[in-house]
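Take a moment to look over the fold before reading on. We will go from the sheet to its neighbours, and then to the chain as a whole.

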Amino acid sequence: MMLSGVSTMDGYLQFITVLLLFLFVLAITYVATRWIAGYQKTRSTGCNIEVIETARIATNKYLQLVRAGSRYLVIAVGKDEIHMLAELSEDELALTQVPAVGMDFGSIFEKFKKQSGKDDD
């Protein structure tokens with residue numbers, strides 16, 4: 001057998017080396033992803049165009065509420081086309097406040113439990 005020349009200690013050492021390399025690559029990927037997300041977020045701030053809400057109506061078809069300057073537009077987005085459906089005034093919208101990015105999972109989960117009526121506490 002070919003593996004008979006490899007001792008148990010060498011096997012453990014190889015496993016730990018591969019595990020450490022995997023964790024290193026995973027950490028580098030995490031840091032790079034966070035950096036790219038932060039970079040793209042700073043590039044998109046201060047723009048006059050913002051997607052307020054998106055609703056999926058089919059596999060490749062969406063309705064989007066978009067703010068362009070001070071105008072609100074409802075657009076239909078398909079795989080190869082975009083159509084403007086309506087223009088809304090700010091009075092016609094029911095805009096809700098999006099939770100802050102810094103919210104932790106526990107508070108979001110508690111809010112969900114209260115809304116669903118399954119609060120067992």
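Two strands pair if DSSP finds at least two bridges between them. Strands (E, at least two residues) and helices (H or I, at least four) are DSSP runs, numbered from the N terminus.

A word on the source. This is a predicted model, in which local features need pLDDT of at least 70, side-chain atom pairs count only at pLDDT 80 or more, and totals for chains, interfaces and linings use all residues. Residues are numbered from 1 along each chain as its sequence is written, and side-chain values use heavy atoms, with hydrogens and water left out.

Start with the order of the elements. The protein chain has two helices and four strands. From the N terminus on, they run α-β-β-β-β-α.

Now the sheet. Strands of a sheet pair through backbone hydrogen bonds, either parallel or antiparallel. Here the four strands form an open sheet in the order β1-β2-β3-β4, and the pairing is antiparallel. β1 (49-58) and β4 (82-88) stand at the edges with a single partner strand each, so one side of each has no neighbour in the sheet. On average, neighbouring strands of this sheet are turned by 20° against each other, direction ignored. The axes behind such angles are lines fitted to C-alpha atoms, for helices over the stretch in contact; angles run from 0 to 180 degrees between N-to-C directions.

Follow the strands in turn. β1 pairs with β2 (residues 61-68) in the antiparallel sense, over eight bridges. The two form a hairpin with two residues between them. Next, seven bridges join β2 to β3 (residues 71-77), again antiparallel. In β3, V77 is the bridge partner of Y62. The hairpin of β2 and β3 also has two residues between the strands, and there G69 takes a positive phi near 70°.

Is Q64 buried or exposed? Buried means under 20% relative accessible area, exposed over 50%, and partly exposed in between (1.4 Å probe, protein chains only). Q64 has 19% relative accessibility, so Q64 counts as buried. Q64 lies in strand β2, where it is the bridge partner of T54. The side chains of Q64 and T54 are also joined by a polar contact of 3.4 Å. A polar contact is a pair of N or O atoms within 3.5 Å; within protein, one must be able to donate a hydrogen and the other to accept it, and residues adjacent in sequence count only if both atoms are side-chain atoms. Contact in general means heavy atoms within 4.5 Å. Leaving aside neighbours within four places in sequence, Q64 is in contact with residues including V51, E53, L73 and V77.

Turn to the helix. The structure holds one aromatic pair. W35 and Y39 form this pair, which is stacked: 5.9 Å centre to centre, 15° between the planes. Rings of Phe, Tyr and Trp (its six-membered ring) pair if their centres lie within 6.5 Å; planes under 30 degrees apart count as stacked, over 60 as edge-to-face and the rest as tilted. W35 and Y39 are four residues apart in helix α1 (residues 8-44), so about one helical turn separates them. W35 counts as exposed because its relative accessibility is 60%. Y39, at 43%, counts as partly exposed.

Finally, the whole chain. Buried residues make up 11% of its 121 residues.
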